[in-house]
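Thanks for coming. I will go through one model this morning, element by element, and keep to what can be computed from the atoms.

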Amino acid sequence: MALKTELESDLFRLLVEGVQDYAIFLLDPDGRVQSWNAGAQRIKGYRADEVIGKHFSIFYPPEEARRGKPAYALRTALEEGRWADEGWRIRSDGSRFWASVLITALRDGRGRHVGFAKVTRDLSERKRAEEERLRLLEMERGARTQAETALDQLRAIQTVTEAALAHLELDALLATLLDRVSEVLNVDTVAILLLNEDEQVLMPRAAKGIEEEVVAGIPLPLGQGFAGRIAAERRPITVDDVEQSDVRNPILREKGVKSLLGAPLIVRGRVLGVLHVGTLYYRRFNANDVSFLQIVADRAALAIEHARLYEATRLAREEAEEAIRAVQLRDEFLSTAAHELKTPVTSLRGFAELLLRMSARGGALDSARFQRAVESIHHQAGNLSRLVTQLLEMSRLDGGHLELDRAPEDLARLVSRAVEQAQSQTERHTLTLDAPPELWAEVDAFRFEQVVANLLDNAIKYSPDGGHVEVELAQSRPGWVRLAVRDEGLGIPADRQSHIFERYYQAHAASHRSGLGLGLYLSRQIVERHGGRIWAESAEGRGSRFVVEVPARVVAEARA
Amino acid sequence: MNGTRRLLVVEDDDSIRDMMEMVLASEGYEVVTARDGAVALATLNQEQPDLILLDMKMPIVDGWEFARRYAELPPPRPPVIVITAAQDASRRAAEIGAQGYLAKPFSIDDLLQLVDDHLDAR
């Protein structure tokens, strides 16, 4: 047994001594080295003869040895059976290595403390690997943060771009841009100034946080002030501290803006304006912020350019449509005019040819028919003449050549004549006139007669079932003359009343009532040139009342 | 020569209607007149003319509406001649399937010739 034990002990000793990866050695109860294996020599650098008998505190960094860490280690191992640690240790050449240490208290069969077993492993490699791992981890984290930041910015640019694409109308676009920019750059104020190229000034066009800029609308000459410099120098500018800068804008100062960053809005080398942002706290805009704002500004500039082009296109299209409508109206008018002129000419020509034919045959119409034929010729010649006059008057108005030839005129006589003339054209209508014996005013008699004739003509034309037409002439108030014509006809639908004085307009065009659509238009032009006004009071199906009011002018006073 | 051929003149303009009536009557035709399409249709219920002279632009029932309702009447239906101030009288005639057309203002010789032709063709 004893032999076996001895043999086992020898084998064990050899095993321990041969272990290369671990330093395994014994300490006496005071901590002095008792044994030394190959691993201990490899790891710590001491040979056995150099180290046996030395206190194990020589393995600790001096500062830790001074603080009493070796003694603490032994005490703990003794009290708790073992003490484990990881930390720096010192080799014989003074170099450090990262060690994993386990100290175990040794007791004999009777429980007496006989010393310590100490196992030390060199973890320097592992430590380095760990540090490398952490470094890589840190790098990865940094890279990820950068990538996320880049992604955030990309998203921000995306939102600005989307806004730029979504709005083709400038004002809506600018409003959205302000919102997006203030959001993604986390700033308190945003302003967009647009360059007026003719005057070479920047005009505040849209702002958020400093809306007063736009309201005040103070033009900023190119090259002056913060924004003016950005536009002139065509580069972004940052202002870390507004108080200490050359920024003169009182609104920025009143608002308490502390820091500013602005970038030019440039499209195809042309400066459109300036986009600037500000904060109410001190902020040092970094290179990232600057390049980001410039990217945003580039997109905003492009969008603004698009919006302007769109606006210009829209205007051009509207003008073209307007022109086409005018041409259409003109064509329709010419067709109507041709039709209207052909009507009297047809009967004129027919009656004239009939009379010629009869006389060529040596015969004659009976006297009643002859009378009717001649009256028709006379009447249609009058109609034709009136149409031609209207066309000429319109052409004069278009050319701006309608000049009034005003002279004192007894309107009572003028209107009375017109009423008689109109009555002679109709049997189904009864015309009445209520007027003073005399009523003088200074008018262009020829044109005023046109107005009266036109109103009477309309009253008859638009009362197809006949009825009363009441004409009233009076001094409405001192110095003013009023003419009113009331009929019992079709009336004017409410939705058409505002159009009846427009050129070519016929409220009842669909029912093929004749006329050029010029009568009321010309009447209004004539009345207004007399300094008066004309209006209609009507309800559909309940007749109409047209009223003309013109100043009597000096004549009235002179005769009064 | 014309016997008692009967013509229906549908025309809203009093003066033109009067003129046509006189011209045609002086040539011996019996002339019936109507101031719009509705009156013309009512007339057709009472007396059948040999030829209809039709204006297009009229109030109440115009030439187009007259032609539409006229086509629904039982045959025989006398021929229709369109008389219009429109630029393209032939197109108007084609639109309503009329047998002839005359553009205003016309000469009475042309009117009488056209009437004569259409009555002969029957």
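In chain B, I52(B) sits opposite V80(B), a residue of β4(B). Strand here means a DSSP run of E of at least two residues, helix a run of H or I of at least four, and both are numbered from the N terminus. The model is a predicted one, in which local features need pLDDT of at least 70 and side-chain atom pairs count only at pLDDT 80 or more, while totals for chains, interfaces and linings use all residues. Residues are numbered from 1 along each chain as its sequence is written, and chains are lettered from A and ligands numbered from 1 in the order in which they are written.

Back to β3(B). It pairs with strand β4, residues 80-84 of chain B, in the parallel sense over four bridges; a pair requires at least two DSSP bridges between the strands. β3(B) is also joined by four bridges to strand β1, residues 6-10 of chain B, again running parallel. In that pairing V10(B) is opposite L54(B). In general, strands of a sheet pair through backbone hydrogen bonds, either parallel or antiparallel.

Exposed would be 12 or fewer, partly exposed is in between, and the C-beta atoms are placed from the backbone. L51(B), L53(B) and D55(B) point one way from the strand, and I52(B) and L54(B) the other way.

For chain B as a whole, there are five helices and five strands, and along the sequence they read β-α-β-α-β-α-β-α-β-α. Of its 122 residues, 42% are buried. Among contacts between residues at least 6 apart in sequence, 56% join residues at least 24 apart; a contact means C-beta atoms, placed from the backbone, within 7 Å.

Next, where the chains meet. 22 residues of chain A are in contact with 19 residues of chain B. On the chain A side, the elements giving two or more residues are α11 and α12 (367-399). α11(A) gives the most, with 12 residues.

α11(A) also turns up inside chain A. The largest nonpolar core has 45 residues, and L177(A), L265(A) and A300(A) touch the most other members. Such a core is a set of buried Ala, Val, Leu, Ile, Met, Phe, Trp, Tyr and Cys residues joined through C-beta atoms within 7 Å. Elements giving two or more residues to this core include α6 (124-166), α7 (170-185) and α11 (287-360) of chain A. α11(A) gives the most, with eight residues. Leaving aside neighbours within four places in sequence, L177(A) is in contact with V160(A), A163(A), I192(A) and A300(A). A second, separate core of 41 residues includes M394(A), F448(A), L456(A) and V485(A).

β16(A), residues 533-538, and β17(A), residues 544-551, pair in the antiparallel sense over six bridges. I534(A) is opposite V548(A), and R533(A) has E549(A) as its bridge partner. The two strands form a hairpin with five residues between them, and G541(A) in the turn has a positive phi of about 80 degrees.

Last, helix α13(A), residues 411-423. Why does its span agree with expectation? Its 13 residues should span 18 Å at 1.5 Å a residue, and the end C-alpha atoms are 18 Å apart; the expected span is 1.5 Å times one less than the number of residues. Its buried residues are L411(A), L414(A), V415(A), A418(A), V419(A) and A422(A). They cover an arc of only 130 degrees around the axis, which puts them on the same side of α13(A); the arc is that of the directions from the helix axis to the C-beta atoms. An α-helix has 3.6 residues a turn, so residues three or four places apart point the same way. Among the elements covering the buried residues of α13(A) are β12 (429-434), β14 (467-477) and β15 (480-486) of chain A.

Key. Buried ≥ 20, exposed ≤ 12 C-beta atoms within 10 Å, placed from the backbone. Contact = placed C-beta atoms within 7 Å.
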